Each structure stands twice: as structure tokens, then as C-alpha cells.
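Visitor: Hello! I am new to protein structures and would like to learn how to read one. Could you show it to me?

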Amino acid sequence: MTDTPNTSRYAETIAAWQRDPEAFWAEAARGIDWVRPPDRIFDPSLGAYGQWFAGAELNTCYNALDRHVEAGRGEQNALIWDSPMTGRIEYYTYSALRDRTARVAGALAALGVQRGDRVVVYLPMIPEALITMLACARLGAIHSVVFGGFAAAELAKRIEDATPRVIVSASCGLEPGRVISYKPLLDAAIAFSAHKPQSTLILQRPQVTATLIAGRDHDFAEAEAAATPHAPVTVRATDPLYILYTSGTTGKPKGVVRDNGGHAVALHKTMSMLYGVQPGDVYWAASDVGWVVGHSYIVYAPLLAGCTTVMYEGKPVGTPDPGAFWRVCSQHGVRAMFTAPTALRAIRQQDPELLHYAKYDMSKLETQFLAGERCDPPTAIWAAEKMRIPVVDHYWQTETGWAITGNFKGLGLFPTKPGSGGRPSPGYDVQVLDDDGHVLPRGQAGNLSVRLPLPPGCAPTLWQNEEGFRTSYISDFPGWYRTGDAGTIDEDGDVWVMGRTDDIINVAGHRLSTGAMEEVLASHKDVAECAVVGAKDELKGQVPLGLVVLKNGVSRPHDEVVKELVALVRDRIGPVAAFREARVVLRLPKTRSGKILRGSIRRIADGEATVAPATIDDPAILDEIGVALAGRRG
Ligand code: COA
Ligand code: AMP
């Protein structure tokens with residue numbers, strides 16, 4: 001535990017929210033400029049669990065850009081794009097960002113995009129990604145950003161589900177040592193998808209020139225230059241702002257919907273309450289716009305709050321060295337920074353004494369925030385010791401859009417416990433439930449759950465799949481949102497997240513479905529059955545590990561089959577799956593009813609003591625798996 005004195009206003013803030021949640025959120029709503037202010041704060045009769053600010057109207061892009069220009073912040077930097085991948089740094093004032101966004105909105109409108117239409121955004125970490133997202137918000141159109149590390153088939157699934165009118169993409173993304181041409185991936189995805197967009201807008205980067213298909217593909221820069229700036233379109237608070245697909249338990253990703261009003265209110269509130277930053281401060285989330293952290297804390301929240309946001313096209317190490325993060329913080333005067341624990345582990349591997357940190361003036365950086373996966377205590381302790389600032393782990397999900405638990409810089413930090421995700425954010429009544437839905441006493445492990453309603457900013461539904469929302473999250477424990485994580489709450493109220501209760505794994509802070517990988521492995525002509533588990537990895541937290549049983553009569557060398565399986569997952573899901581390891585086994589351990597014992601496989605892979613479950617069909621198989629996995633790396 002750190003020795004921060006406990007002068008936090010956390011307890012009184014939670015008490016104020018508990019006393020009158022609607023008054024708490026009504027007050028927070030004053031941070032947003034409404035076209036029609038909310039008169040009803042929460043309506044329990046709407047949607048799957050009620051809706052926030054129904055009846056109110058606003059425009060999110062106006063709140064992120066125009067209002068700051070009107071209030072005199074036009075010359076302040078809104079965005080700093082720092083790209084060690086290209087050696088460029090670009091600064092955009094609020095005025096400049098508003099002007100470009102209004103033009104890009106005009107370009108999208110010229111392609112027929114209107115309020116409620118979907119726009120798929122498949123862009124690398126360049127300013128145009130943020131500008132396109134805000135341009136969609138300006139039009140009341142719904143963006144769906146797809147992470148660049150996904151393969152064409154995954155992009156196709158998202159195109160098919162969101163049915164976009166337009167897709168915005170670029171000629172390439174840049175990864176260390178390789179340039180990824182996006183256009184062939186995009187063309188393949190459109191070919192796979194039953195839904196075809198009317199048009200695409202393609203940003204030509206200097207590294208690669210994409211071939212454009214006449215009549216369908218348009219040059220981004222030309223379209224922007226020719227466009228008439230578009231004014232913000234008023235939408236309802238409950239209208240969708242975006243869809244962000246995330247891994248579920250099957251190969252079909254879930255389209256998490258975010259609304260406009262609740263999202264703006266909650267995110268604006270978190271910038272001061274949680275991150276402790278004020279208008280004019282520089283804030284940096286070292287994530288990717290393809291993930292929820294990028295949506296919330298690269299794009300929307302810092303701009304809603306009038307801060308300067310940093311967008312970084314680079315890695316924690318190798319671009320050019322493990323001091324890259326500290327160079328960015330020092331050069332731009334970052335006050336609060338957010339990254340994934342895996343990034344700190346990567347830095348620690350290369351710079352265990354954090355010598356690079358001392359090379360820079362780090363006096364502005366006050367707090368290091370971490371999320372995306374549990375931060376292992378050695379990494380949290382190492383970081384706090386070497387950085388000499390508070391290191392705050394906070395726990396959240398794509399579905400919630402902001403922290404379920406954390407430690408609140410703006411309220412004064414309470415003592416942190418390495419390994420814990422902190423205490424519930426005001427707005428979330430977090431409890432641990434047993435499998436029958438009963439609240440468990442402090443200290444007992446079970447299903448981490450949030451009493452309904454979820455606070456503003458959390459997903460109201462899944463895209464065109466309200467039933468899926470109910471069955472995935474709320475029908476198991478009526479009156480509760482089931483996070484899908486297991487955990488405990490200790491006597492002080494600190495929450496300890498222990499891992500998923502489903503088949504989702506977390507690889508380098510990226511959420512992936514083992515079910516989706518199993519579907520790919522099972523499609524290989526030689527595979528009879530398979531299981532994928534998340535095995536421990538020192539750098540990435542977890543990595544996928546596949547076990548396959550080959551069909552009778554297949555006598556090819558196992559290495560050959562494994563190589564094909566690795567290539568297949570990369571080709572169908574993408575490099576981000578980091579699927580590099582598979583073993584051929586004779587049989588998989590199963591229960592007598594035929595369910596594969598993935599938990600036992602994972603424990604064997606991690607070298608943990610494994611007791612055969614009472615339901616196991618043949619305990620001898622566990623020994624066979626032990627032999628097959630002996631000496632695996634990781
Ligand atoms: N476009 C295309 N490919 C991408 C990509 C993108 N946007 N992002 C990652 N990839 C590729 C990588 O190049 C790598 O490919 P390879 O198999 O050819 O090497 C593969 O996907 C796996 O990437 P990653 O898991 O990121 O591993 P890495 O070894 O390249 O880097 C870290 C390791 C720790 C540096 C990196 O994982 C990292 O920065 N993690 C932080 C994660 C994060 O910010 N998460 C957001 C949640 S807050
Ligand atoms: P994503 O939706 O990609 O943000 O992934 C959400 C999942 O990541 C959660 O359900 C957790 O399993 C895990 N997660 C995120 N942040 C944390 C954290 N701070 N501690 C523990 N697990 C986390």
C-alpha cells in the first residue's frame with residue numbers, strides 16, 4: 001500500500017451520489033452545452049434498463065470543438081499528433097481542428113451521409129482518424145472504428161453488421177519494420193461482406209499510394225478541399241454516437257452502442273473527478289483509436305473538457321527506445337497519462353532502472369493511469385517507485401466506456417493497493433454475486449456485477465440486438481449488469497479483479513475471444529477438435545495457446561499443421577491475436593457430458609497444480625496434456 005495520506009473526498013462524493021443519483025448527474029450535465037437541456041434525468045421505462053437524459057438534445061462535436069472556440073480557446077492546442085513512426089509532430093488548435101472537422105463532415109455529407117447513417121472508420125493513428133470520428137458526430141452519423149490490427153475477415157463482419165453508407169480508410173498503417181497496405185485489406189473485406197458501402201474516402205499517406213476504384217473510392221484530401229463546412233446537426237441525447245465492436249464468447253463480435261448525451265456528461269465529468277485535469281491541461285492516453293480507451297480518452301473526453309489531447313503513432317519501446325513515453329510527456333507537458341500495464345512491462349524489460357525517465361523533465365506529469373488488463377503488483381510497485389508519482393490502476397470495459405472502479409485524482413487519491421483496481425466510481429454500485437445472483441459478503445470471490453441502472457455513458461444496448469444485450473449482460477442476474485469478470489471486494493471497499501468468467505482473454509491489453517480462434521482452428525481441414533486458452537505471458541499478460549486433435553488418418557508432420565494454423569488465425573483474425581503457439585494432442589480433457597475442460601488446460605499451461613475436477617471423464621488425459629505442454633515458453 002502506498003503512504004498517500006487519506007484526505008480524499010471520495011467517501012463524501014460517493015455518499016452524495018448514493019443519496020441522490022439523479023441530482024448528481026443533473027449537476028454533471030451542467031458541464032455540457034445542450035440545444036435542449038434535460039428536464040428528465042433518468043427514465044427507467046426506456047430501453048433495456050432505462051435511459052439517461054431522454055428528451056434532451058445536443059451535438060457532441062459542438063461540445064468537443066466549437067464551444068471552446070466560442071469561449072476563447074480557439075488558439076489553444078486541441079490536438080498534438082506525435083508520430084515517431086514518421087518523424088513528424090503536428091499541432092492543431094481548437095479553431096483549426098473545428099475547421100477541418102467541419103470540412104470533413106461536409107465531404108461525408110456530399111457522399112450522402114446523414115444523421116443516423118453508419119460510417120466505418122478503418123484508419124491508423126493519424127489526425128484524420130480523430131477528425132473523421134468527430135465529423136461523424138457533427139452530422140449525427142454513427143461511426144464504427146475498426147482497429148488496424150484486424151484482418152479483412154474481421155473488418156468484413158463489422159461492415160456487414162453496421163451496414164455503413166461510407167467507409168473511411170487510408171493507404172497504409174505503419175508498424176515497426178513494416179508498412180501495412182490497408183487498401184487491399186479493405187477491398188477484400190468489402191468483397192467478403194454481403195453489404196457494400198456506396199463510397200469510400202481514402203487518405204493517401206506518403207508511404208503507399210492506394211489504387212482507387214473509379215465511382216466508389218474518393219481521395220480524402222481532394223474531397224476535404226472541395227467540401228463546404230458543415231454545421232453541427234442536433235441529435236437526441238439517446239441517439240447513438242458510435243458502435244464499437246468487441247469480442248464476445250463467439251466469433252461474432254458484439255456491437256457496443258454509445259449514446260450522445262450520457263456519454264458527453266460522464267466523460268466530461270471524469271476528466272476532473274478521475275484524472276484531475278482542467279481545461280488547458282495536456283492529457284495523453286497512449287492507446288489506439290480502435291479501442292474504447294482511444295474513443296473515450298484520445299478523442300472525446302479530453303476535447304469535451306477543453307484539454308489538449310496527444311495522439312501517438314508509435315510504441316512504448318523501439319520508437320526509438322524505451323524512453324519514448326517520457327520524451328512525449330516532457331516535450332508536450334503532459335499532466336496525466338494513461339496506458340496499459342503491458343506497455344510498462346515492455347519498458348521495464350528494456351530499462352529496468354528506468355534510466356530514460358531521468359533524462360527528461362518530468363515535472364508536469366502528476367499521475368500515471370493504467371487499464372485494459374489487471375496490473376500485476378510487481379509492475380505497479382516498480383512503476384510507482386521509479387516514476388515517483390502515483391500509479392493508478394482503474395478497471396473498465398468497452399461496454400462501460402469509462403472506469404467502473406479507480407482512484408480519483410480530482411477528489412484527492414486514497415491509498416492505493418497494488419493489484420487492486422481501486423474503489424467503485426461514483427455512479428456504479430459494484431457488488432460480488434454468487435452464481436445464483438445473491439450478494440456475497442466482503443472478501444468472497446464471485447461475479448463482479450453492477451446494480452442497474454448503469455450510469456450515463458455506459459452502453460444502453462448492442463447494435464440492433466437488444467435481446468443480445470439482455471442475454472449477454474442482464475438476464476442472468478435480474479436487476480444487475482454482469483461484467484463477465486470474477487473478483488472480490490475487500491473490507492476497505494477496494495475491488496480486486498481476478499479474470500474473466502467467460503472465454504475472453506486479454507492479450508497485451510487487447511480483448512480477444514478464444515471462441516473466435518477455435519472457430520478458425522476448427523475450419524482447418526485436418527483438425528477434428530480444438531481448444532484455445534489464454535496462457536500466462538510475462539510481457540503480454542496472456543497469449544493464446546491452441547491444442548488440436550487431428551482427424552483420424554492425418555499423418556502429416558505436426559509442425560507443418562501448426563504452421564498452417566498460426567497463419568490461418570493471422571489471416572482470419574489478424575496479427576493482433578498474437579496466436580503463435582499450438583500443440584497437437586491425442587485427446588482433449590472433457591467432462592462426462594463432453595464439455596472441454598479449458599480451465600484445467602490453462603492451469604497446466606501456466607504450471608499451476610491441477611486437481612482433476614470431479615466431473616472429468618478420464619483423468620489420465622490431464623497427464624497427457626502435461627507432457628504435451630512440458631517446457632512451453634512463457
Ligand atoms: N495495425 C496492424 N498491425 C498491428 C497493429 C495495428 N494497429 N497493432 C499491432 N499490430 C500487430 C503488431 O505489429 C504485431 O505483429 P507481428 O505479429 O507481425 O509482430 C501483432 O499485431 C501483435 O501486436 P502487439 O500485441 O501489440 O505486440 P507487439 O509485440 O507488437 O508489441 C507491446 C508489444 C507491449 C509494445 C504492445 O503490445 C503495446 O504497446 N501494447 C499496449 C496496448 C494498448 O495500448 N492497449 C490498449 C488498451 S488501453
Ligand atoms: P475491453 O472491453 O477491451 O476494455 O476489456 C475489458 C476487460 O479487460 C475487462 O472485462 C477486464 O477483464 C479487463 N480489464 C480492463 N481493465 C482492467 C483492470 N484495470 N484490471 C483488471 N482487468 C481489467
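Visitor: Which residues of helix H13 are buried?

Guide: Welcome! Please keep in mind that this is a predicted model. A residue is called buried when its relative accessible area is under 20%. In H13, which spans residues 377–387, the buried ones are Thr379, Ala380, Trp382, Ala383 and Met387.

Visitor: Where do those residues sit around the axis of H13?

Guide: Start with the general idea. An α-helix has 3.6 residues a turn, so residues three or four places apart point the same way. Now the case here: the buried residues Thr379, Ala380, Trp382, Ala383 and Met387 lie on the same side of H13, because they cover an arc of only 165 degrees around the axis.

Visitor: What covers the buried residues of H13?

Guide: The cover includes two helices, H11 (324–332) and H12 (341–350). It also includes two strands, S19 (367–370) and S20 (391–393).

Visitor: Let us turn to a single residue. Is Gln397 buried or exposed?

Guide: Gln397 has a relative accessible area of 4%, so it is buried. You can find Gln397 in the loop between S20 and strand S21 (405–406). Its side chain reaches the backbone oxygen of Thr483 at 2.7 Å. Beyond its neighbours within four places in sequence, Gln397 touches several residues, among them Val292, Ile404 and Tyr481. Asp485, Arg500 and Arg511 are also in contact with Gln397.

Visitor: Which residues come nearest to ligand 2?

Guide: Ligand 2 has 15 residues around it, and the nearest are Asp393, Thr398, Asp485, Arg500 and Arg511.

Visitor: How do I read the polar contacts of ligand 2?

Guide: Look for pairs of N or O atoms within 3.5 Å. Here, an oxygen atom of ligand 2 is 2.6 Å from an N or O atom in the side chain of Thr398. Asn506 places a polar side-chain atom 3.3 Å from an oxygen atom of the ligand. The backbone takes part too: a polar backbone atom of Arg374 is 3.4 Å from a nitrogen atom of ligand 2. Taken alone, ligand 2 exposes 500 Å², and the protein buries 92% of that. By class, its shell has four nonpolar, five polar and six charged residues.

Visitor: How many residues surround ligand 1, and which are the closest?

Guide: There are 24, and the closest are Glu175, Arg178, Lys540, Arg570 and Arg580. An oxygen atom of ligand 1 lies 2.8 Å from a polar side-chain atom of Arg178, and Lys540 has a polar side-chain atom 3.0 Å from an oxygen atom of the ligand. Pro575 uses a backbone N or O atom, 3.4 Å from an oxygen atom of ligand 1. On its own, ligand 1 has 940 Å² of accessible area, of which the protein covers 83%. Strand S10 (178–181) and H12 are the elements that give two or more residues to this shell. The shell around ligand 1 holds 12 nonpolar, six polar and six charged residues.

Visitor: And how should I read a residue such as Glu57?

Guide: Between buried and exposed there is a middle class, partly exposed. Glu57 counts as partly exposed because its relative accessibility is 27%. Glu57 belongs to strand S3 (residues 57–58).

Definitions and conventions: Residues are numbered from 1 along each chain as its sequence is written. Chains are lettered from A and ligands numbered from 1 in the order in which they are written. This is a predicted model: local features need pLDDT of at least 70, side-chain atom pairs count only at pLDDT 80 or more; totals for chains, interfaces and linings use all residues. Side-chain values use heavy atoms; hydrogens and water are left out. A residue is near a molecule or strand if one of its heavy atoms lies within 4 Å of it. A polar contact is a pair of N or O atoms within 3.5 Å; within protein, one must be able to donate a hydrogen and the other to accept it, and residues adjacent in sequence count only if both atoms are side-chain atoms. Accessible areas come from the Shrake-Rupley method with a 1.4 Å probe; for residues, only the protein chains shown count as cover. Ala, Val, Leu, Ile, Met, Phe, Trp, Tyr, Cys and Pro count as nonpolar, Asp, Glu, Lys and Arg as charged, and the others, Gly among them, as polar. Buried means under 20% relative accessible area, exposed over 50%, partly exposed in between (1.4 Å probe, protein chains only). Helices (H or I, at least four residues) and strands (E, at least two) are DSSP runs, numbered from the N terminus. The arc is that of the directions from the helix axis to the C-beta atoms. Contact means heavy atoms within 4.5 Å.
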